[in-house]
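Good morning, and thank you for making time for this presentation. Please look at the sequence and the structure as they come up, and keep them in view while I speak.

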Amino acid sequence: LMRGAIPGVAKNPRNTAAALNNVKNAMEYLKRRRNMPIEFLYSAKEVVDGDTDVIVPLLLQIKKAYHG
């Protein structure tokens with residue numbers, strides 16, 4: 001797991017654009033993991049919009065990538 005903050009992520013995003021930027025930065029970090037599938041890593045808008053059809057499988061992929 002990563003220790004510390006992801007560069008470019010606002011601690012308290014004040015609007016949707018800042019939240020979208022945060023999600024995109026986090027996804028860019030996740031893309032660096034060799035075992036992280038990219039299927040949902042280009043779905044930042046859906047994550048910000050709260051689309052559970054994207055969020056739940058993305059979280060499961062993250063769990064698998066980091067904990068096998």
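I begin with a contact between a charge and a ring. The charged end of arginine 33 lies over the ring of tyrosine 66, at 4.0 Å from the ring centre. The criterion is that NZ of Lys or CZ of Arg be within 6 Å of the ring centre and within 35 degrees of the ring normal.

A word on the basis of these values. This is a predicted model, in which local features need pLDDT of at least 70 and side-chain atom pairs count only at pLDDT 80 or more, while totals for chains, interfaces and linings use all residues. Residues are numbered from 1 along each chain as its sequence is written, and side-chain values use heavy atoms, with hydrogens and water left out.

How many aromatic pairs does a search of the whole structure find? The search returns zero. Such a pair needs ring centres of Phe, Tyr or Trp (its six-membered ring) within 6.5 Å, and is called stacked with planes under 30 degrees apart, edge-to-face over 60, and tilted for the rest.

Let me turn to the overall fold. The protein has three helices and zero strands, in the order α-α-α from the N terminus on. Elements are DSSP runs, numbered from the N terminus: helices are H or I with at least four residues, and strands are E with at least two. The radius of gyration is 12 Å, close to the 11 Å of the globule rule for 68 residues, so the protein is as compact as a globular protein of that length. That radius is taken over C-alpha atoms, and the rule is 2.2 Å times the number of residues to the power 0.38. Along the principal axes, the C-alpha atoms fill a box of roughly 35 × 30 × 15 Å.

The accessible surface comes to about 5100 Å², and 54% of this belongs to carbon and sulfur atoms. The areas come from the Shrake-Rupley method with a 1.4 Å probe, and for residues only the protein chains shown count as cover. Of the 68 residues, 21% count as buried; buried means under 20% relative accessible area, exposed over 50%, and partly exposed in between (1.4 Å probe, protein chains only). As for contacts, defined as heavy atoms within 4.5 Å, 36% of those between residues at least 6 apart in sequence join residues at least 24 apart.

Next, the interior. In soluble globular proteins, nonpolar side chains tend to be buried together. Here the largest nonpolar core has 11 residues: Val23, Met27, Leu30, Met36, Phe40, Leu41, Ala44, Val54, Leu58, Ala65 and Tyr66. Which elements give two or more residues to this core? They are helix H1 (16-31) and helix H3 (52-67), and H3 gives the most, with four residues. A core in this sense is a set of buried Ala, Val, Leu, Ile, Met, Phe, Trp, Tyr and Cys residues joined through side-chain atoms within 4.5 Å. One of its members, valine 54, touches Phe40, Ser43, Glu46 and Val47, not counting residues up to four places away in sequence.

Glutamine 61 is in helix H3 and counts as buried because its relative accessibility is 13%. Beyond four places in sequence, glutamine 61 touches Met36, Pro37, Glu39 and Phe40. Asparagine 22, in helix H1, is also buried, at 10% relative accessibility. With neighbours within four places left aside, asparagine 22 is in contact with Gly8, Val9, Ala10 and Pro13.

Is alanine 5 buried or exposed? It is exposed, with a relative accessible area of 68%, and it belongs to the segment before H1. The C-alpha atoms of alanine 5 and alanine 26 are separated by 9.9 Å, at 21 residues apart along the chain. Alanine 26 itself lies in helix H1 and is partly exposed at 24%. Alanine 10 is in the segment before H1 and is partly exposed at 34%; its C-alpha atom is 24 Å from that of methionine 36, 26 residues apart along the chain. Asparagine 21, in helix H1, counts as partly exposed at 38% relative accessibility.

Thank you for your attention.
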